[in-house]
Amino acid sequence: MKREENKPRLRELGELFWTFARVGALTFGGGYAMLPILQREVVERKGWAADEELTDYYAIGQCTPGVIAVNTATFIGRKQAGVAGAAAATLGVVFPSLVIITAIAALLSGFAEVPAVKHAFSGIRVCVCVLILNAVVKLWKKTVVDLPTLLIFLAVLVLSVCTKLSPVIFVLCAAALGIAVKALEGRRGV
Amino acid sequence: MILLRLYWEFFKTGLFAIGGGMATVPFLQEMGARTGWFTGQMLADMIAVSESTPGPIGVNMATYVGWTTAGLPGGVLATLGLITPSFLVILLVARVLAAFQSNKTLDRAFYGMRPASTGLIAAAGVAVLRIVMLDEAAFAETGAVSALLNWRALALFAVIWVLTNLVPKVKTWHPVVFIALSAAAGIAVGGI
């Protein structure tokens, strides 16, 4: 934490920005897909973190709000160059998305009415359904681990299909339930 | 002020979407329905583009939704809104890392929030399925179940599901391959 030089140099911030911009540009899908790229760019090339630290950051990213890629960038940037470093790394990791998606969105909006594009997207939407289903199955295996978590899953699924309640409410109630269930189990000595 | 609203809406999404990837989808669905900024069908298209381009899916989605709603400044503000909560939370957590890692109450809260996040994504999937697989307008008109179901979509769904789950080697391919295949199928049959 206590740095010898008080002001992180501009060059250092630039390096953080561009390294994480590379990570963002080389990752498809974020999350775990990013781990091997981070290992190569951040651990092996730059030596900014050890493998174990990356794993810790991932674990924390799993249980803090937001995008895991962004969480990890913030962690490493802060460690290297304080709050300014955290900002540089975080902006770096989202920079490629901003450029690429803006270009594609602009391009697609010009072609949206072309029949071939319309037909292509009618097929793609079906594929998206399968991708979501696969993602749910994968998450299910990791997050629905016992009866209380099964009940939470079912309750949230049914209530959010049938009502217009905000997802925020479900997340907050589930947090409260998680605390309550575990506290009860602890008291019963399960 | 649409830019401020975009920032705020995505700030909320970034704060409450737990676990990354598809976790932002239910929040975006609710956002689209409430604000009228984009339809469910547009959201499905945005998911496809976000999955087929580099970058974290959540970030791509924010840029895309923001761009669709208010052009380039919208894309930038939505993206910044999404990442602000992560940024602030991690700066805090980094200071108290040890205490955070062994905090029982947080552990218990996440034990409850994780299955809720899965449930939310499943519900979002149901909503997308309804849009893609069912022709509710035709059903209301004719009352025939055969008119309700989009048979071409069901067939393609079955094929992609088998490819991504059952076929060895093929199932480890990147999603972008299946997205491209589905696009080709859509063009080949002149719309699904």
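**One serine and its interface**

Author: B:S86 sits in helix α4 (residues 57–95) of chain B. Helices here are DSSP runs (H or I, at least four residues), numbered from the N terminus. This is a predicted model: local features need pLDDT of at least 70, side-chain atom pairs count only at pLDDT 80 or more, and totals for chains, interfaces and linings use all residues. Residues are numbered from 1 along each chain, chains are lettered from A in the order written, and side-chain values use heavy atoms, without hydrogens or water.

Reader: Why is B:S86 called buried?

Author: Buried means under 20% relative accessible area (1.4 Å probe, protein chains only). B:S86 has 1%, so it is buried.

Reader: Which residues does B:S86 touch?

Author: Contact means heavy atoms within 4.5 Å. Not counting residues up to four places away in sequence, B:S86 touches A:P65, A:G66, A:V67, A:V70 and A:N71.

Reader: What makes the pair of B:S86 and A:N71 a polar contact?

Author: The rule asks for N or O atoms within 3.5 Å, one able to donate a hydrogen and the other to accept it; residues adjacent in sequence count only if both atoms are side-chain atoms. The two side chains make this contact at 3.3 Å.

Reader: What makes A:R125 and B:D45 a salt bridge?

Author: A side-chain nitrogen of Lys or Arg must lie within 4 Å of a carboxyl oxygen of Asp or Glu. Here the N to O distance is 2.7 Å. The rule finds one salt bridge across the interface of chain A and chain B.

Reader: How many residues does the contact take from each chain?

Author: Chain A gives 84 and chain B gives 88.

Technical notes:
Helix = DSSP H or I, 4+ residues; strand = E, 2+ residues; numbered from the N terminus. Buried < 20%, exposed > 50% of the residue type's maximum accessible area, 1.4 Å probe, protein only.
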